[in-house]
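Please read the following note alongside the sequence and the structure.

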Amino acid sequence: MEDPSSKEEISRVLKVLEALRQASHDLQAHPTPKSADPDSPAIKALLELETESDTILSKDPHLSTLSQHLTSLRTLVDTLQKSRGYSLKNFLTRRVSTHSISRVAGSIESEIQAWIDRESIDNLTTLLKETVQNEDELVGLLTQFEKRLSQGFNRELQDLVLKSKILLLLEKIICDPNCSKRIREQCSFVVAALFQFNKDVFVGQVLMGPLIHALVSMASWKSMKVLCTLIKLIKSPLVDEIESNGQIPKIINFLDYKDLQLLVQTMDCILEIGYSGRKEAIEAMLREGLIKKLVDLQRSELGGDLIDMGRFDEKETNKEDSNQRKKEKRESREKRFLESHPFASCVAKFAVQLEVGEGLRQREKRAFKQEILKRVREASVSDAEAATIVAEVLWGSSP
């Protein structure tokens, strides 16, 4: 367990460094002689913090380079201050100094970010290894780390993650049913963020079978959202893994649940499987009665038929409207309708995913389309319902 006094010291350092980073960022955002003036808010903040941070920086060898940058900044500011006047020499000196100050400010910000990344990963790995975990603190650190990853690729951050072996710790917790579900879900979000950060590096480090089983077994909308994200990133290889590990029946079974968020995320997941899945995965979904479940959802209060909106548009559209205006009105009406009817035309949406997807051959796509039409007719409660859904499947779900 970390010493409380050590935590307080790190917190104090972090507060100073955050202020330094913000001042550096402000200076880079406005690289003009006026903003680099010694009296500008950003420069004053940096120089004041340099004095305040002397003792702090000297205690941490990782901050020695930052200390050097701050010293360089003060030298550049002094040079700038001495170059006041209207001579050509002073003008050129101000230009060069301003550029150099902006560059040093960028280096200061990078050094500070590297220190913060190192500390946050160290703290996170320490908490992940603890037997008894402070749930609120751990979730907070996981959320911060996920946010950091979402800022985009950074090689230094990637090196820190690889050295810390944090991905294996995250996977271990996700696959441990004895851990808090809240922590497991948040760890799942971080894993998805790592894959988005650099899929090629991090996917190979995870045993997908246990991870997928754990995500499905959580049976929550959050775990299904992560699974959907992973399918979008990894595509057919992950769908193959899902199918070979027998997870498709469990996913389809979620369509019988009453939790709306879980239903919506499951539908998104099914659509992604339809887009990337090979023949075996699609067959597995159809065997589990997917089409009947989709027909039932489309018939429910949360369903509906987008094809009917096309007829409505024809009656209501002002003849004087341009084609672009008509399109905008239709898309706006469709968006509002879908927000309150997430399963509208869901059978056709699934069929379209197969049609435009990457996992099937052309002859397989044609065969599955005929199979879907057959199952729609079997699942429909009336000829009218069957005719509407069949029309949508044949011509697509868009009005």
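Is the crossing in which α8 passes α11 left-handed or right-handed?

1. The model is a predicted one. In it, α8 passes α11 in a left-handed crossing. Helix α8 covers residues 181-197 and helix α11 covers residues 221-234. Their axes lie 9 Å apart, at an angle of about 15 degrees. Angles under 35 degrees count as roughly parallel, and α8 and α11 are therefore roughly parallel to each other.

2. On the α8 side, the contact with α11 is made by Glu-185, Ser-188, Phe-189, Ala-192, Phe-195 and Gln-196. On the α11 side, the residues include Lys-222, Lys-225, Val-226 and Leu-230. Sorted by class, this contact has seven nonpolar, three polar and three charged residues.

3. Helix α8 also packs with helix α5, which spans residues 135-149. The axes of α5 and α8 come within 9 Å and cross at roughly 15 degrees, which makes α5 roughly parallel to α8. The crossing of α5 and α8 is left-handed.

4. Among the α5 residues that meet α8 are Leu-138, Val-139, Leu-142 and Phe-145. Their partners in α8 include Ile-183, Phe-189, Val-190 and Leu-194. The contact of α5 with α8 has 12 nonpolar, two polar and four charged residues. Phe-189 of α8 takes part in the contact with α11 and in the contact with α5.

5. As for the whole protein, there are 21 helices and zero strands. Of the 399 residues, 46% are buried. Among contacts with a separation of 6 or more, 73% come from residues 24 or more positions apart. The accessible surface is about 21100 Å², and carbon and sulfur atoms account for 50% of that surface.

How values were computed
Residues are numbered from 1 along each chain as its sequence is written. This is a predicted model: local features need pLDDT of at least 70, side-chain atom pairs count only at pLDDT 80 or more; totals for chains, interfaces and linings use all residues. Side-chain values use heavy atoms; hydrogens and water are left out. Axes are lines fitted to C-alpha atoms, for helices over the stretch in contact, and angles run from 0 to 180 degrees between N-to-C directions. Helices (H or I, at least four residues) and strands (E, at least two) are DSSP runs, numbered from the N terminus. Angles under 35 degrees count as roughly parallel, over 145 as roughly antiparallel, 65 to 115 as roughly perpendicular and the rest as oblique. A crossing is left-handed if the near helix is turned anticlockwise from the far one by less than a right angle, and right-handed if clockwise. Contact means heavy atoms within 4.5 Å. Ala, Val, Leu, Ile, Met, Phe, Trp, Tyr, Cys and Pro count as nonpolar, Asp, Glu, Lys and Arg as charged, and the others, Gly among them, as polar. Buried means under 20% relative accessible area, exposed over 50%, partly exposed in between (1.4 Å probe, protein chains only). Accessible areas come from the Shrake-Rupley method with a 1.4 Å probe; for residues, only the protein chains shown count as cover.
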